[in-house]
Amino acid sequence: MNAEPVLSVRELVVRFATDAGTVHAVNGVTFDVGAGDAIGLVGESGSGKTVTSLAVMRLLPKAGRIVSGEVVFRGKELTTLSEHEMRGLRGKEISMVLQDPLSSLNPVLTIGEQIAEAIRAHEDVGRRAARERAAELLGSVGIPGAGDQLERFPHQFSGGMRQRVMIATALVLHPKVLIADEPTTALDVTVQAQVLELLHELTKELGTAIVLISHDLGIMARMTRRITVMYAGFVMESAPTVELFARPRHPYTVGLLGSIPRAGADGELRPIEGAPPDLERAPVGCPFEPRCARRIAACRETMPPLVPAADASHLVACHNPVPS
Ligand SMILES: Nc1ncnc2c1ncn2[C@@H]1O[C@H](COP(=O)(O)OP(=O)(O)OP(=O)(O)O)[C@@H](O)[C@H]1O
Ligand code: SF4
Ligand SMILES: [Mg+2]
């Protein structure tokens, strides 16, 4: 771990105000990532991974609010920055590849215009230079004949191509932090490997700090140094990747890792029996309790704190962790 994290998220709490009531989407998430480092966020659908990322970027939808906690980027607290100040950082210093690329690309601008626009929003370069740079970037994410592709519109691209455009746009400014939310789901295996290699090079050559979100445990194992496991908006466990796969301590993590590719499994997270909790109720006790085979009386009463399990780098939030 680098001494000084580039991005440090502390006890982040995010809620949504909806007609049906309050959605407790993120309930005290904590993680760090250092320069040249890559960490992963894993958890079932709805565990709060995307909402956490959007909160870091200050891109929450209107109904969403950061209730408490800190997001510290290079010593600067982001949750209280003005939108104007935030705009200066977004894209340039902290970039995000969104889970759904179509919704985040502008349908009336060509691919070339959007990337060039992103470049010119932050760098003092002419139109021509920006377009050349855009072509170069598309080439770097494996879009063939990059020059011609610049004239196309997002709807003329496949899902995989759009995802690569998003990645190219995110990489435009060599951000210090890149949050990649399922960056390769729409890509075929070959392109997926190219994109992951590109992300890997970024961490190594430019010292970019990467927060990777994926349901694919094989990708997580290859790409990350440390993994934070989320459930119902809580961090359940956080450990160096190798340690987490070798000695998971949280019953939820053990359930998820049941999917570790053995005989030909595809590496996807395994569904765990039972349903995640209703986030419209304020959390009391451990949210995994109804589904947990190791539950004890205390589990219904209090949410266990995230504390070191064995050594200081392996944290677990559980009243009755799995023995190592
Ligand atoms: N605009 C919104 N209004 C109300 N609730 C929301 C909103 N956006 C997200 N949520 C809720 O926040 C919770 C966390 O959602 P989030 O999208 O972060 O999950 P996720 O871990 O990214 O899941 P997935 O793996 O499916 O992408 C979910 O219960 C979701 O319904
Ligand atoms: S705190 Fe209790 S219910 Fe929650 S995971 Fe641990 S043992 Fe299971
Ligand atoms: Mg998501």
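**Chat notes on a predicted model**

Q: Where is Glu136 found?
A: Glu136 is part of helix 5, which covers residues 127-140. Keep in mind that this is a predicted model.

Q: Is Glu136 buried or exposed?
A: Glu136 is exposed: its relative accessible area is 57%, and the cut-off for exposed is over 50%.

Q: What is the C-alpha separation of Glu136 and Asp19?
A: The C-alpha atoms of Glu136 and Asp19 are 47 Å apart, and the two residues are separated by 117 residues along the chain.

Q: Switching to helix 8. Which of its residues are buried?
A: In helix 8 the buried residues are Val191, Gln192, Val195, Leu196, Leu198, Leu199, Leu202 and Thr203.

Q: How do those buried residues fall, seen down the axis of helix 8?
A: They lie within an arc of 150 degrees, so the buried residues line one face of helix 8.

Q: And which are exposed on the other side?
A: Val189, Thr190, Lys204 and Glu205 are exposed there, on the other side of helix 8.

Q: What span should helix 8 have, and what are its ends doing?
A: Helix 8 has 18 residues, 189-206, and at 1.5 Å a residue it should span 26 Å. Its end C-alpha atoms are 25 Å apart, which agrees.

Q: Now ligand 2. Which residues come nearest?
A: There are 13 residues around ligand 2, and Cys286, Cys292, Cys299, Cys318 and His319 come nearest.

Q: How does the shell divide into nonpolar, polar and charged?
A: The shell around ligand 2 has seven nonpolar, three polar and three charged residues.

Q: What about the space ligand 2 takes?
A: That space is the largest cavity.

Terms used:
Residues are numbered from 1 along each chain as its sequence is written. Chains are lettered from A and ligands numbered from 1 in the order in which they are written. This is a predicted model: local features need pLDDT of at least 70, side-chain atom pairs count only at pLDDT 80 or more; totals for chains, interfaces and linings use all residues. Side-chain values use heavy atoms; hydrogens and water are left out. A residue is near a molecule or strand if one of its heavy atoms lies within 4 Å of it. On a 1 Å grid over the protein atoms alone, a cavity is a set of points where a 1.4 Å probe fits but cannot get out, and a pocket is an open set with protein on both sides within 12 Å along at least five of seven lines; lining residues have an atom within 4 Å of a point. A molecule sits in a cavity or pocket if more than half of its atoms lie within 2 Å of its grid points. Ala, Val, Leu, Ile, Met, Phe, Trp, Tyr, Cys and Pro count as nonpolar, Asp, Glu, Lys and Arg as charged, and the others, Gly among them, as polar. Helices (H or I, at least four residues) and strands (E, at least two) are DSSP runs, numbered from the N terminus. The expected span of a helix is 1.5 Å times one less than its number of residues. Buried means under 20% relative accessible area, exposed over 50%, partly exposed in between (1.4 Å probe, protein chains only). The arc is that of the directions from the helix axis to the C-beta atoms.
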